[in-house]
Amino acid sequence: MSGMIGRGLASIVSVLALGYLALVALAFAAQRRLLFPAPPLVAAPTPRSQLVDRPETVLLVREAPTPEAPWVLHFHGNGEQLAWTEWMAERWAALGAGFVAVEYPGYGLAREKGAPSEASIVRAADAAARYLLEERRVPNERLIVSGLSLGSGPAVELASRGVGGRLVLFTPYTSLPDVAARALPFLPVRLLMRDVFDSAARAPRVMQPALVVHGTDDEVVPFALGEALGAALKGARLLRVEGGRHSDVAAREDVWRELGRFAAGP
């Protein structure tokens, strides 16, 4: 009898182990579809914005109001697309800044420019920086690099290489595996993830003044991760948004008052 029970338990353990391994394999195979959920329908920007096509990306450009104005180079979240950043272009225009948003390969108007990954997004970020700094001759000190959620990763990557005079991060993370490990603690995500955007590791090389904006009730990227990244950035100030959630902090009026002061600061 005891032998039968032992064999039965062994069979159950084997089935559970195989099921777990199958779940791990599925998570590994599907990770980029989960991480980069590009909107299925492509939205067209309004005529107020210009589109600039590059081999690596498509850029949305809203011209600066004056030749001496600062420029913002923005990276959107993982569930957004280029045209959806126009509201932010309007807000920066009201603060007297030009605006460039970067589309990710495989997304929206850049859907034919490859698949989204950390490497392809960084290549798109580099192309956008070259456009502003080399083609448009924007002085580096007048460039504000901005990233929201997923987009905080390429923003920190550029800043760590000296791109931009200021850095703005909305709802950022220390690394993508840190986010995934909190959401899926039962999976070995740190071993599985191919795209990591390790902003915490790059933070010591960021010398620019930085503003980190994070809501205390963020349900996607926990506030603690944004707080930790802010502490790792030498010149950062953390704007703690009480009750702010992942999708609403970037549009709050109190946040934009702080952004105006930060952009115009010494």
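Colleague: Lys and Arg count as positive and Asp and Glu as negative. On that basis, how far apart are the mean positions of the positive and negative charges of the chain?

Modeller: The model is a predicted one. The chain carries 28 positive and 27 negative charges.

Colleague: Is leucine 21 buried or exposed?

Modeller: Leucine 21 lies in helix H1, which covers residues 2-35. Its relative accessible area is 54%. Because a residue counts as exposed over 50%, leucine 21 is exposed.

Colleague: Which residues make the nonpolar surface patch of about 320 Å²?

Modeller: Leucine 21, with its relative accessible area of 54%, is one of the residues in this patch. The complete set is Leu18, Tyr20 and Leu21.

Colleague: How many residues of helix H4 are buried?

Modeller: Helix H4 spans residues 152-160 and is mostly covered. Its buried residues include Ser152, Pro154, Glu157 and Ser160. The count of buried residues in H4 is 9 of 9.

Colleague: What share of the contacts in the chain with a separation of 6 or more joins residues 24 or more positions apart?

Modeller: The chain has 9 helices and 8 strands. Of its 266 residues, 50% are buried. For the contacts with a separation of 6 or more, the share from residues 24 or more positions apart is 73%.

Key:
Residues are numbered from 1 along each chain as its sequence is written. This is a predicted model: local features need pLDDT of at least 70, side-chain atom pairs count only at pLDDT 80 or more; totals for chains, interfaces and linings use all residues. Side-chain values use heavy atoms; hydrogens and water are left out. Patches are made of residues with over 30% relative accessible area and no salt bridge: like charges are joined within 9 Å, nonpolar side chains (Val, Leu, Ile, Met, Phe, Trp, Tyr) within 5 Å. Accessible areas come from the Shrake-Rupley method with a 1.4 Å probe; for residues, only the protein chains shown count as cover. A salt bridge is a side-chain nitrogen of Lys or Arg within 4 Å of a carboxyl oxygen of Asp or Glu. Helices (H or I, at least four residues) and strands (E, at least two) are DSSP runs, numbered from the N terminus. Buried means under 20% relative accessible area, exposed over 50%, partly exposed in between (1.4 Å probe, protein chains only). Contact means heavy atoms within 4.5 Å. The place of a charge is taken as NZ of Lys, CZ of Arg, CG of Asp or CD of Glu.
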